[in-house]
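Colleague: Please put the model up, and then we can go through its salt bridges and its ligand site.

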Amino acid sequence: MAEEAVLGHLEKNEEISDSGKFAEEKGISHDEIVNVIKSLNGFRLVDAQDIKRERWGLTKEGEMYAESGSPETQLFLAIPLEGITREELQKKLDSSIFKIGCQQAIKNKWIEMGKSHVSRKVQHVDDRVRDLLMQIQNGEAVNAEDVDALKKRKLITPLIWKGYSVKKGPKYAPKRKKVATDLTRENLLRESEWEGVPFYLFRMYAFLYIKMWLLLIYDGFVGFCSFWNFDALFQPQQHPARDSHDTFFLKEPSTTKILPEDYVERVKGVHESGGYGSRGYGYEWKREEANKNLLRTHTTAVSTRMLYALAQDFAPKKYYSIDRVFRNEAVDRTHLAEFHQIEGLICDRGLTLGHLIGVLEDFFSRLGMSKLKFKPAYNPYTEPSMEIFSYHEGLGKWVEIGNSGMFRPEMLLPMGLPEDVQVIAWGLSLERPTMILYGIDNIRDLFGHKVDLGLIKRNPLCRLGL
Ligand code: PHE
């Protein structure tokens with residue numbers, strides 16, 4: 001239905017300028033429209049451009065006040081006409097409501113605060129703060145000055161909304177032709193690109209492909225819930241990467257409930273209120289978010305599980321993985337929704353950023369990339385973090401080839417690792433340096449059912465980026 005709506009609209013109109021408004025008009029969920037757009041864009045039936053909008057959302061505190069009124073109003077209403085002693089007023093209210101309420105009500109000149117007596121200075125007050133919060137909650141516009149004041153009080157926070165604008169693409173058709181998607185031996189053999197390929201090669205490829213999927217499904221089902229992919233990595237639950245527009249969540253089974261409970265408690269604590277020298281994020285951590293199953297978005301989910309296991313009986317170790325990861329991205333010549341990541345980590349006492357730089361220089365020089373630059377970056381789980389750039393002679397410019405850092409104490413200490421252990425780690429996509437090294441400009445030549453078998457035959461190791 002969503003697909004018909006999108007294609008049907010483009011048949012009669014130039015464009016869909018905003019997928020959000022379009023979804024609303026059609027009464028279809030925005031997620032559904034986005035998925036269709038991504039898929040149509042992948043097959044080039046449409047041309048989709050990202051649009052992002054910042055809007056304001058309520059913080060937890062903001063939500064509370066939207067529901068029960070601002071602290072200053074609650075405080076005002078708790079003062080009877082004849083006034084009240086400070087002590088008694090304090091008893092009537094929550095301590096934080098009392099504290100904030102006093103500050104604001106005095107500022108607003110609503111109350112008179114004597115040494116021990118509190119009285120009203122005005123007869124009636126309007127709860128403007130609550131009205132504004134409710135307007136924001138309903139997506140209504142609020143003037144800049146009010147936004148500023150609410151922001152200062154940490155009652156609102158920016159939320160990023162993502163959608164698309166869509167035009168007809170080069171392969172546009174009012175209806176999509178149904179393509180055979182079942183992976184059967186017959187229809188694989190029928191595909192023209194298999195002609196002339198020795199049968200053993202085809203078999204090897206198909207076999208590896210299927211085996212990889214079986215392993216993945218197994219792994220995904222038993223292991224990868226949001227907890228290992230995000231929470232254990234000190235990635236807050238509101239982080240935009242945890243949005244279904246960026247991450248594939250599983251429908252069936254949709255949750256995992258078996259997690260190491262004492263560790264989960266420590267992770268919850270460090271998100272909510274910190275510890276181990278950290279202030280935490282100060283929000284209410286929800287177990288339901290952590291339980292959501294997903295297709296892992298990075299191999300760091302694997303590293304995290306390994307590190308947790310290592311923490312139970314620590315000894316210095318190195319880990320290395322090459323595995324498939326998934327991101328809900330618009331598919332184009334250089335991006336697929338699934339790709340491979342390579343990840344390495346070293347856990348030992350006394351490691352520094354200097355060690356990380358040395359290891360990276362050694363690692364990449366063995367792949368033929370010896371001119372490296374490092375740029376400070378941000379990951380929720382590493383501090384410091386560095387993006388890795390390599391100079392590409394052919395392209396004549398610096399290109400990003402990976403990301404790295406030292407895992408934060410907020411991630412390592414709740415696992416139970418000794419306090420003096422550091423972990424240096426780096427991750428990169430397998431496809432990206434391979435494309436750069438071999439001058440491949442379309443990722444489908446490297447990965448997927450249209451893989452250029454000529455390329456593989458010429459150099460079988462190129463699929464490994466070696
Ligand atoms: N997980 C990061 C990514 O997906 C890579 C990374 C791994 C960064 C380890 C730092 C440490 O880009």
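Modeller: Buried means under 20% relative accessible area, exposed over 50%, and partly exposed in between, with a 1.4 Å probe and protein chains only. This is a predicted model, in which local features need pLDDT of at least 70 and side-chain atom pairs count only at pLDDT 80 or more, while totals for chains, interfaces and linings use all residues. Residues are numbered from 1 along each chain as its sequence is written, and side-chain values use heavy atoms, with hydrogens and water left out.

Colleague: How many salt bridges does a search of the whole structure find?

Modeller: Side chains of opposite charge can pair when their charged atoms come close. The criterion is a side-chain nitrogen of Lys or Arg within 4 Å of a carboxyl oxygen of Asp or Glu. Searching the whole structure gives a count of 19.

Colleague: Is Asp 18 buried or exposed?

Modeller: Asp 18 pairs with Lys 21 in a salt bridge, N to O 3.8 Å. Lys 21 has a relative accessible area of 53% and is therefore exposed. For Asp 18 the relative accessible area is 6%, so Asp 18 is buried.

Colleague: Which residue is linked with Asp 18 and Lys 21 in a network of salt bridges?

Modeller: The Asp 18 and Lys 21 side chains meet in a salt bridge. The network that links these two also includes Arg 53.

Colleague: How many residues apart in sequence are the parts that Arg 153 and Glu 72 tie together?

Modeller: The side chains of Arg 153 and Glu 72 form a salt bridge at 2.9 Å, N to O. Helices (H or I, at least four residues) and strands (E, at least two) are DSSP runs, numbered from the N terminus. Arg 153 sits in the loop between helix H9 (144-152) and strand E6 (156-168), and Glu 72 in helix H5 (residues 71-78), so the parts tied together are 81 residues apart in sequence.

Colleague: What is the relative accessibility of Glu 289?

Modeller: Glu 289 forms a salt bridge with Lys 292, with the closest N and O atoms 2.9 Å apart. Lys 292 is partly exposed at 31%. Glu 289 also counts as partly exposed, because its relative accessibility is 24%.

Colleague: What share of the ligand's exposed area does the protein bury?

Modeller: A polar side-chain atom of Thr 300 lies 2.8 Å from a ligand nitrogen, and one of Tyr 381 lies 3.0 Å from a ligand nitrogen. Alone, the ligand exposes 330 Å² (Shrake-Rupley method, 1.4 Å probe). Of that, the protein buries 91%.

How values were computed. Polar contact = N/O pair within 3.5 Å; in protein donor to acceptor, adjacent residues only side chain to side chain.
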